Amino acid sequence: MNTKVDRQAARTVPQMVTAGLNRCTDARAVVGELRPTTHLGQAIRCERMAALAEREARWWTVLERWTYLSQWEVPTVYGRAAIVAANTARDRARLYSDLATDWRKRAAGQPVCDVIGCGCGGTCGVAA
Ligand SMILES: [Zn+2]
C-alpha cells in the first residue's frame, strides 16, 4: 500500500466531489434562468435539468463509495447522508425526465393530463 497516494486520495476525493457538485449547481442556475416559450423548449430545458440531477446523483454516489470504502475512519453517517442525497437527486432527475416527456408530447400535439408523467394520453380525467 502506498500511504502517500492514499493520503492524497483522502483529500482529493471530497474536493473532487465538491467541485463536481458546484459545477452542477452553477449549470442548474444557468438552465434555471431559461424561460422557454415553446413546448419543445420546455422539454429541452427539463431534459437538461434531468441530466444535471443525474450527474449530481453520481457525484453523491462517488462520495458514498469513498466514505464506505475509505480507510480513513470516516463516520458511516456521512455515507448514509450521501445515499439520501443521491436518491433525492435521482428523484429530481426522474421528475424532470417525466416533465420532459410530457412537454415533448405537447409539442407533438399529443394529449396529456396534469399529472406529471401519468402517461394516460389525457384519458385519466385530470384536466391539463
Ligand atoms: Zn393522466
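Modeller: Let's start with axes: they are lines fitted to C-alpha atoms, for helices over the stretch in contact, and angles run from 0 to 180 degrees between N-to-C directions. Helices (H or I, at least four residues) and strands (E, at least two) are DSSP runs, numbered from the N terminus. Keep in mind that this is a predicted model, where local features need pLDDT of at least 70, side-chain atom pairs count only at pLDDT 80 or more, and totals for chains, interfaces and linings use all residues. Residues are numbered from 1 along each chain as its sequence is written.

Colleague: Okay, so at what angle do the axes of helix 2 and helix 3 cross?

Modeller: In general, two packed helices are described by the angle between their axes and the distance between the axes. Here, helix 2 (residues 39-69) and helix 3 (residues 76-107) have axes that cross at roughly 165° and come within 7 Å.

Colleague: Are helix 2 and helix 3 roughly parallel or antiparallel?

Modeller: Angles under 35 degrees count as roughly parallel, over 145 as roughly antiparallel, 65 to 115 as roughly perpendicular and the rest as oblique. Helix 2 and helix 3 are therefore roughly antiparallel.

Colleague: What residue classes make up the contact of helix 2 with helix 3?

Modeller: Ala, Val, Leu, Ile, Met, Phe, Trp, Tyr, Cys and Pro count as nonpolar, Asp, Glu, Lys and Arg as charged, and the others, Gly among them, as polar. On that scheme, the contact of helix 2 with helix 3 has 22 nonpolar, 7 polar and 8 charged residues.

Colleague: How many residues are in the largest nonpolar core?

Modeller: A residue is buried if 20 or more other C-beta atoms lie within 10 Å of its own, exposed if 12 or fewer, and partly exposed in between, with C-beta atoms placed from the backbone. A nonpolar core is a set of buried Ala, Val, Leu, Ile, Met, Phe, Trp, Tyr and Cys residues joined through C-beta atoms within 7 Å. The largest one has 17 residues, and those with the most contacts inside it include Cys 46, Ala 50, Trp 60 and Tyr 96. Helix 2 and helix 3 are the elements that give two or more residues to this core, and the largest share, 11 residues, comes from helix 2.

Colleague: Which residues does Ala 50 touch?

Modeller: Two residues are in contact if their C-beta atoms lie within 7 Å. Not counting residues up to four places away in sequence, Ala 50 touches Ala 93, Tyr 96, Ser 97 and Ala 100.

Colleague: And where does Cys 124 lie?

Modeller: Cys 124 is in the segment after helix 3, and it is partly exposed because 13 C-beta neighbours sit inside 10 Å. Setting aside neighbours within four places in sequence, Cys 124 contacts Cys 113, Val 115 and Cys 118. Cys 124 and Cys 113 are 11 residues apart in sequence and 7.3 Å apart C-alpha to C-alpha.
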